[in-house]
Amino acid sequence: PSIHVWDLVTNQRRFTFNPSCFYIKCFQSYKDKLICSSDYEWDKVTIFNLQTGKLVQRFLADESPIQCLQFDDTHLLLGSRQIALWDLETCKKILTICEQQRGIVNCLQLSQDVIVSSHKGKKIRVWDRRTGERVFTLRGHMHLVHCLQYRDGTLVSGSKDKTIKIWDAKKNFMCRSSLQSHKGSVRALQFDDWKIVSGSKDSDIRIWDLSTGKFFSHFQTAEPVYSLAFDQQKLFTGSSLLKVYDFGYARKKSQQCSLS
């Protein structure tokens, strides 16, 4: 298994990273770094330089497989059977959250003040980033939570129950909208200042108004969507191929190319 870095102008590969493992469970790129779980037990973290393509560091991070991760300029957040916050400069663990005995952490989000996570269940938990104390438990989904994003006081989550929920942090994370239109489990989502884009096992990509929760556009793909990301011009989706769509104004009929 390997991770490929692509030039979006030429659609050519720039680098191929080869962490030592049978299967790459999770990775993230941010600025000049790419970090992924590695080794055959997924218990190590590997850091690559995105500008040079070179290995920067690899270290043992957990005794159980790392299922998800996220990092910012200073810290790395890992999810396994516990949640661990690491200092990226020293590669030292500074916080461990192991209050729950509720299974593996399958999605999480790091923000300036809180950590948001789900542990292979219906509930979402919000933790104080400084102390590790649980401050909110969110109930509303009827099945596993597969994906979530938190920013600017808004949390959006997607579930195997085929719904997307919008939670308002300014009102103690009250659920203000439940979006129902997908026919399969919601596996990926992202939102910006005005829209939510979601992808599902029903092979459908749907676009919603963030403020009202109203659905306003969609298009069908050939395969189930397991990951996605977008910027102002392009939408990227992951299934058996990485697909890149022309995303100018979220058009329903999108031009696409495939990277393989």
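A polar atom of the Gln70 side chain lies 2.5 Å from the backbone nitrogen of Leu110. The structure is a predicted model, in which local features need pLDDT of at least 70 and side-chain atom pairs count only at pLDDT 80 or more, while totals for chains, interfaces and linings use all residues. Residues are numbered from 1 along each chain as its sequence is written, and side-chain values use heavy atoms, with hydrogens and water left out.

Gln70 is placed in strand β7 (residues 68-71), where strands are DSSP runs of E of at least two residues, numbered from the N terminus. With a relative accessible area of 16%, Gln70 is buried; buried means under 20%, exposed over 50% and partly exposed in between, for a 1.4 Å probe and protein chains only. The C-alpha atoms of Gln70 and Ser111 are separated by 9.9 Å, although these residues are 41 apart along the chain.

The structure also holds 10 aromatic pairs, counted when ring centres of Phe, Tyr and Trp (its six-membered ring) lie within 6.5 Å, with planes under 30 degrees apart called stacked, over 60 edge-to-face and the rest tilted. The rings of Tyr30 and Phe71 have centres 5.9 Å apart and planes at 80 degrees, so this pair is edge-to-face. Because Tyr30 lies in strand β3 (residues 27-30) and Phe71 in strand β7, the pair ties together parts that are 41 residues apart in sequence. Phe71 is buried, with a relative accessible area of 4%, whereas Tyr30, at 29% relative accessibility, counts as partly exposed. Trp194 and Phe216 form a stacked pair, 5.9 Å centre to centre with 20 degrees between the planes.

Terms used: Helix = DSSP H or I, 4+ residues; strand = E, 2+ residues; numbered from the N terminus. Polar contact = N/O pair within 3.5 Å; in protein donor to acceptor, adjacent residues only side chain to side chain.
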